[in-house]
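Biologist: Before we use any label on this model, I would like to hear the rule behind it. Please set each value against its cut-off and then conclude.

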Amino acid sequence: MLKITLLGFLCGVIGTFIGGVIAFIFRKKADRYLNMFMGLAGGIMLSVVTFDLLTEAMDAIGINLAIIFTFVGVFVSMIIKQFMNFDGMLKTGYLIFFSVLLHNFPEGLAIGSSFSVKESLGITLVIVIGIHNVPEGIAMALSLIKGRMNIVKVMLFTIIAGIPMGVGSYIGSYFGEIFQGFVGFFLAIASGTMLYVTIEEIFPNSKTIYTITGFLLGILMVSIF
């Protein structure tokens with residue numbers, strides 16, 4: 001159980017942290033690379049929502065409940081946005097942080113539960129989820145950097161965003177089938193938050209050829225992994 005929890009924690013933290021490091025490297029050309037990586041993150045997030053999270057949620061709790069709880073995730077994101085006293089890219093960065101924070105928990109549950117079924121399946125999920133956390137970390141970090149947040153605080157945010165995955169992995173491995181029934185609800189809510197952030201924040205703030213290129217690369221990455 002400790003091994004599964006550690007793998008889930010590392011999967012969440014390392015992925016977003018690496019994204020933060022890449023964002024730090026390219027921070028001096030943030031405008032150009034932000035559009036590219038925001039498009040990449042948007043492509044990945046929409047692909048993950050459409051082909052992964054929503055599909056799994058529908059299989060677990062049915063189409064009707066999955067759609068209802070996706071709307072719950074959207075409304076929660078809308079409400080949180082109203083209480084954010086930040087402008088421009090800083091607000092976008094915080095919303096991406098929130099969506100990553102929220103959807104990492106059910107992904108952790110999925111990792112923990114999958115290990116109880118088959119170890120190789122759990123390891124595969126750790127690798128795939130870790131990889132797709134990287135561009136999300138990049139988009140989050142670049143948004144916060146462009147919003148003039150202190151770089152140390154930005155890197156701390158990338159680490160915090162991955163912590164729920166370790167918590168979810170522990171709960172998923174400990175309770176196994178008990179929490180398996182709740183995963184669908186969490187995945188649907190996470191789908192709503194990611195969908196809202198992508199449509200409302202990421203794409204409207206980046207409208208260049210870099211965004212389109214990043215978006216298509218994001219879809220390609222999800223289809224490969």
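Modeller: By the ring rule, the count comes to 4 aromatic pairs. Rings of Phe, Tyr and Trp (its six-membered ring) pair if their centres lie within 6.5 Å; planes under 30 degrees apart count as stacked, over 60 as edge-to-face and the rest as tilted.

Biologist: Why is the pair of Y94 and F157 called edge-to-face?

Modeller: The ring centres of Y94 and F157 are 5.5 Å apart and the planes stand at 75 degrees, so the pair is edge-to-face. Y94 sits in helix α4 and F157 in helix α6, 63 residues apart, and the pair thus links distant parts of the chain. Helices are DSSP runs of H or I with at least four residues, strands are runs of E with at least two, and both are numbered from the N terminus.

Biologist: Are Y94 and F157 buried or exposed?

Modeller: Buried means under 20% relative accessible area, exposed means over 50%, and partly exposed lies in between (1.4 Å probe, protein chains only). Y94 has a relative accessibility of 13% and therefore counts as buried. F157 has a relative accessible area of 11%, so F157 is buried too.

Biologist: What makes the pair of F97 and F157 stacked, tilted or edge-to-face?

Modeller: The pair is tilted, because the planes are at 50 degrees, with the ring centres 4.8 Å apart. F97 lies in helix α4 and F157 in helix α6, so this pair ties together parts that are 60 residues apart in sequence. From C-alpha to C-alpha, F157 and F97 are 7.5 Å apart. Both residues are buried. Ring pairs link Y94, F97 and F157 into a cluster.

Biologist: Where does the model stand on provenance and numbering?

Modeller: This is a predicted model, in which local features need pLDDT of at least 70 and side-chain atom pairs count only at pLDDT 80 or more, while totals for chains, interfaces and linings use all residues. Residues are numbered from 1 along each chain as its sequence is written, and side-chain values use heavy atoms, with hydrogens and water left out.

Biologist: What is the secondary structure of the protein?

Modeller: The protein has 8 helices and 0 strands. Along the sequence the pattern reads α-α-α-α-α-α-α-α. Of the 225 residues in the protein, 51% are buried.

Biologist: How do you know that the length of α1 agrees with a helix?

Modeller: The expected span is 1.5 Å times one less than the number of residues. For the 24 residues of α1 this should give 34 Å, and the end C-alpha atoms are 34 Å apart, which agrees.

Biologist: Which residues of α1 are buried?

Modeller: Among them are I4, T5, G8, C11 and G12. L10, which lies in helix α1, is partly exposed, because its relative accessible area is 36%.

Biologist: What makes a nonpolar patch on the surface, and which residues form it?

Modeller: Patch residues have over 30% relative accessible area and no salt bridge; like charges are joined within 9 Å, nonpolar side chains (Val, Leu, Ile, Met, Phe, Trp, Tyr) within 5 Å. A salt bridge is a side-chain nitrogen of Lys or Arg within 4 Å of a carboxyl oxygen of Asp or Glu. L6, F9, L10, I14, I18, L156, I160, I163 and V167 form the patch, with about 700 Å² of accessible area together. Areas come from the Shrake-Rupley method with a 1.4 Å probe, and for residues only the protein chains shown count as cover. α1 (2-25) and α6 (151-175) each supply at least two residues of the patch, and α1 gives the most, with 5 residues.

Biologist: Which residues touch the most other members of the largest nonpolar core?

Modeller: A nonpolar core is a set of buried Ala, Val, Leu, Ile, Met, Phe, Trp, Tyr and Cys residues joined through side-chain atoms within 4.5 Å. In the largest core, of 20 residues, Y94, I96, M140, L144, M149, V154 and F157 touch the most other members. α4 (88-117), α5 (119-146) and α6 each supply at least two residues of this core, and its largest share, 8 residues, comes from α5. A second, separate core has 15 residues, including L53, A57, I61 and F105.

Biologist: Why is V49 called buried?

Modeller: V49, found in helix α2 (residues 30-61), has 2% relative accessibility and so counts as buried.
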